Amino acid sequence: MSCEINFKALDRKKDEILKDYHNRAYLVFKDNLIKQEIKFNGMPVKVREIPIEDNKVQGFFHVISEQDKRSKIRLYKEERVKYIPFISKMITEFEKCKYCTEDCPKIKIWTAPYLGKNSILRTKIFFEKYDYIVILEKRNNYYQLVTAYVVDRKDRREDLLKEYTKYNS
């Protein structure tokens, strides 16, 4: 069986202004992650809603930007926007990888303590084929979407794969 998960990136249209691209991306984000109730391990997945900025929930900004370590300011990353459609598919359809015979790195899933704190558990869903990761944090009766991004540094990718091996052995 070949890969049955249909991954289609949300590319920016030629001559599309950034604001229109963001609005289009937000509609996809909202349709896939807010309007549609998705579940992981039988529990709902929710996005961080506040503070609302430019009529968009906070979870959206965690997906399209990354925090600068020095200034703590979130910096926009266009390559993050195009993968927004992947998030819900990776959360809801990852199990199809178990039965896939396509020669590709399968979606890898593991749960690890966040910053070494056993009380905070984060589940990472990593699709090596696209170098894309979705991070969920387990709460009492739901999972919180923390972020999702393209792993664009070799050292970060290696660290993730080491962590996967550690927590799946």
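At what angle do the axes of helix 1 (residues 18-35) and helix 4 (residues 84-93) cross?

## Overview

The structure is a predicted model. The protein contains five helices and eight strands. Read from the N terminus, its elements follow the order α-β-β-α-β-β-α-α-β-β-β-β-α.

The protein has 169 residues, and 41% of them count as buried.

## Helix 1 and helix 4

The axes of helix 1 and helix 4 come within 8 Å and cross at roughly 15 degrees. An angle under 35 degrees counts as roughly parallel, and the two helices are therefore roughly parallel to each other. The crossing of helix 1 past helix 4 is left-handed.

On the side of helix 1, the contact is made by Ala25, Val28, Phe29, Asn32 and Leu33. Helix 4 contributes Ile84, Pro85, Ile87 and Ser88. Sorted by class, the contact of helix 1 with helix 4 has seven nonpolar residues, two polar residues and no charged residues.

## Helix 4 and Phe86

How many of the 10 residues of helix 4 are buried? Eight of them are, and the helix is mostly covered. The buried residues are Ile84, Pro85, Phe86, Ile87, Ser88, Met90, Ile91 and Glu93.

Phe86 is found in helix 4. This residue has a relative accessible area of 2% and is buried. Leaving aside residues up to four places away in sequence, Phe86 touches Phe7, Lys8, Ala9, Tyr130 and Tyr132. One of these, Tyr132, is 46 residues from Phe86 in sequence, while the C-alpha atoms of the two are 8.5 Å apart in space.

## Salt bridges

Side chains of opposite charge can pair when their charged atoms come close. How many salt bridges does a search of the whole structure find? The search finds 15. One of them joins Glu66 and Lys77, with the closest N and O atoms 3.1 Å apart. Glu66 lies in strand 3 (residues 65-67) and Lys77 in the loop between strand 4 (74-76) and helix 3 (78-81), so the pair ties together parts that are 11 residues apart in sequence. Glu66 is partly exposed, at 33% relative accessibility. Lys77 is partly exposed too, with a relative accessible area of 24%.

Glu137 and Arg139 also meet in a salt bridge, at 3.1 Å from N to O. Glu137 is buried, with a relative accessible area of 10%, whereas Arg139 counts as partly exposed at 32%. Another salt bridge links Arg153 and Asp155, and the closest N and O atoms there are 3.1 Å apart. Arg153 is partly exposed, with a relative accessible area of 46%. Asp155 is partly exposed as well, with a value of 39%. Beyond such pairs, a network of salt bridges links Lys108, Glu128, Asp131 and Arg157.

## Backbone details in the loops

Which peptide bond is cis, with omega near 0 degrees? The bond from Ile50 to Pro51 is. Pro51 is found in the loop between strand 2 (43-47) and helix 2 (58-64). Asp54 also lies in the loop between strand 2 and helix 2. Asp54 is not a glycine, yet its phi is positive, at about 55 degrees. At 48% relative accessibility, Asp54 counts as partly exposed.

Lys72 is another residue other than glycine with a positive phi, here near 65 degrees. Lys72 lies in the loop between strand 3 and strand 4. Is Lys72 buried or exposed? With a relative accessible area of 54%, Lys72 is exposed, since the cut-off for exposed is over 50%.

Methods: Residues numbered from 1 in each chain as written. Predicted model: local features only at pLDDT ≥ 70, side-chain atom pairs only at ≥ 80, totals over all residues. Heavy atoms only, no water. Salt bridge = Lys/Arg side-chain N within 4 Å of Asp/Glu carboxyl O. Helix = DSSP H or I, 4+ residues; strand = E, 2+ residues; numbered from the N terminus. Buried < 20%, exposed > 50% of the residue type's maximum accessible area, 1.4 Å probe, protein only. Axes fitted to C-alpha atoms, helices over the stretch in contact; angles between N-to-C directions. Parallel < 35°, antiparallel > 145°, perpendicular 65-115°, else oblique. Left-handed = near helix turned anticlockwise from the far one by under 90°. Contact = heavy atoms within 4.5 Å. Nonpolar A, V, L, I, M, F, W, Y, C, P; charged D, E, K, R; others polar.
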